[in-house]
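Welcome! Please take a moment with the sequence and the 3D view below, and then we will walk through a few parts together.

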Amino acid sequence: MNQEHAPNRPAPTTPSTPPAQVPADAKHPLHTPAGLVGDTPVLWIGAPFTAAGRGFWAKLEGYNPGGIKDRTALHMVRAARESGRLVAGARIVESTSGTLGLGLALAGAAYGHPVTVVTDPGMEPLMTGLLTAYGARIDLVATPHPEGGWQEARRQRVEELLAVRPDAWCPDQYNNPDNVAGYAPLARELVAQLGRVDALVVSVGTGGHSAGVGSVLREYFPRMRIVGVDTTGSTIFGQPPAARLMRGLGSSIHPGNVAYGLFDEVHWVAAPEAVWAARHLARHHYATGGWSVGAVALVARWLARTLPPETRIAAVFPDGPQRYVGTVFDDAYCRRHDLLGHLPADDPDEISDGRERTVTRWTRCTRVVDPLARSGRDALVGAAR
């Protein structure tokens, strides 16, 4: 029998979507790489990394394609396109040590923009290779700025590139409020996943995710404690500038996005201490990352031991371990920089003000002050709560 005239058989219809685009039994079909970002898992980190019976929840942002800054890269690009600051097809130019570069490459692919990443010799070869593979153009500065270090040298190079390409756009992650706004979904995910958050532990670099996540969570949980994690040698919280091995947290400039008034306390962590924590997480929990993750985990581990046992602690792990195979997880690199064999102290050192003295090991301060502000703007939020 001719199928076209078979009884009780529905007449064929023309599909509204081409067959090549119809997924076969896929739970989350995607048509754009932007859909890969977000809804990252949380994992309980307990013993043996922490004391028995204590622990914290880690938000694993390494499950995004490039890490936590995928979120803000997409948001900043969308906002700039909607406002007309970024025109169709225009080049995106930004200074980064790596992670935002991956996010901008993803946003460029999603929205059709070429990307130039201005970086310095400290960027890992793996990161350079990935950015190149994703189509980003690498522009390398050769000499640090005498006062602002590599970050200021990179920012000045960005200005030079923008001057010769008037249609190009720079996100300016250090001062762009859209950098902060891009992390609101992460905060709402934590609320949905954990129900409540009593203490939040976040690394601080540009100030974007600490401000974005912290401000939204504080609306839900007004008494929540926010703990910032910086690196030794960083100027963000009043320390003098020094050479910094760790990347991804800390700064040699003063980013405008740092929300000093949010923090109840700040901790500075040294590179060997971050390496110890990152390696122990990898060995015992199969969830780790690089410098920022190690530093954040060390502080969250201490809070889990010293705060009441019912305290629900969330720690944001900004990325995964892949880019650090040649640094944090490479024995030869770590030996060259004297990073191995330094067991962190059980407790941090304490100072009463970030400008009190130069710190070289894990140190805590509960008086959080904007170092560029007049004394009347000191952010003593810890004392208020």
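Which residues of α6 meet which residues of α7? On the α6 side they are Ala184, Leu186, Ala187, Arg188, Leu190 and Val191, and their partners in α7 are Gly212, Val213, Val216, Leu217 and Tyr220. Please keep in mind that this is a predicted model. The points below start with this helix pair and then turn to other parts of the chain.

**Helices α6 and α7**

- By class, the residues where α6 touches α7 are nine nonpolar, one polar and one charged.
- Helix α6 covers residues 184-194 and helix α7 covers residues 208-220; their axes come within 7 Å and cross at roughly 45°. That angle makes α6 oblique to α7.
- The crossing of α6 and α7 is right-handed.

**Helices α1 and α2**

- Helix α1 spans residues 69-83, and its axis comes within 8 Å of the axis of α2, with a crossing of roughly 45°. So α1 is oblique to α2.
- The crossing of α1 and α2 is right-handed.
- From α1, the residues that meet α2 are Lys69, Asp70, Thr72, Ala73, Leu74, Met76, Val77, Arg78 and Arg81. From α2, the residues that meet α1 are Thr99, Leu100, Leu102, Gly103, Leu104, Leu106, Ala107 and Tyr111.
- Sorted by class, this contact of α1 with α2 has 10 nonpolar, three polar and four charged residues.

**The sheet β3-β4-β5**

- Three strands form an open sheet in the order β3-β4-β5, and their pairing is parallel.
- The edges belong to β3 (92-95) and β5 (137-140); each has a single partner strand, so one side of each has no neighbour in the sheet.
- From one strand to the next, the twist averages 20°.
- Strand β4, residues 115-119, pairs with β5 in the parallel sense over four bridges. Val118 stands opposite Asp139 in β5.
- Helix α2 (residues 99-111) packs on this sheet and touches β3 and β4, with its direction at about 175° to that of β4.
- Helix α4 also belongs in this picture: α4 lies across β3, β4 and β5 and runs at about 160° to β3.

- To find Cys170, look in the loop between α4 (149-164) and α5 (177-181).
- Is Cys170 buried or exposed? Cys170 is buried, because its relative accessible area is 19% and the cut-off for buried is under 20%.
- Setting aside neighbours within four places in sequence, Cys170 is in contact with Val93, Glu94, Val158 and Leu162.
- The C-alpha atoms of Cys170 and Glu159 are 8.9 Å apart, and these two residues are separated by 11 residues along the chain.

- Strand β9 runs over residues 313-317 and is mostly covered, with five of its five residues buried.
- In a regular strand, side chains alternate between the two faces of the sheet. In β9, Ile313, Ala315 and Phe317 point one way, while Ala314 and Val316 point the other way, and all are buried.
- Strand β2 (residues 56-60) pairs with β9 in the parallel sense over four bridges. Trp57 stands opposite Ala314 in β9.
- Strand β6 (residues 199-203) pairs with β9 in the parallel sense over three bridges. Here Ala199 stands opposite Ile313 in β9.

How values were computed
Residues are numbered from 1 along each chain as its sequence is written. This is a predicted model: local features need pLDDT of at least 70, side-chain atom pairs count only at pLDDT 80 or more; totals for chains, interfaces and linings use all residues. Side-chain values use heavy atoms; hydrogens and water are left out. Axes are lines fitted to C-alpha atoms, for helices over the stretch in contact, and angles run from 0 to 180 degrees between N-to-C directions. Helices (H or I, at least four residues) and strands (E, at least two) are DSSP runs, numbered from the N terminus. Angles under 35 degrees count as roughly parallel, over 145 as roughly antiparallel, 65 to 115 as roughly perpendicular and the rest as oblique. A crossing is left-handed if the near helix is turned anticlockwise from the far one by less than a right angle, and right-handed if clockwise. Contact means heavy atoms within 4.5 Å. Ala, Val, Leu, Ile, Met, Phe, Trp, Tyr, Cys and Pro count as nonpolar, Asp, Glu, Lys and Arg as charged, and the others, Gly among them, as polar. Buried means under 20% relative accessible area, exposed over 50%, partly exposed in between (1.4 Å probe, protein chains only). Two strands pair if DSSP finds at least two bridges between them.
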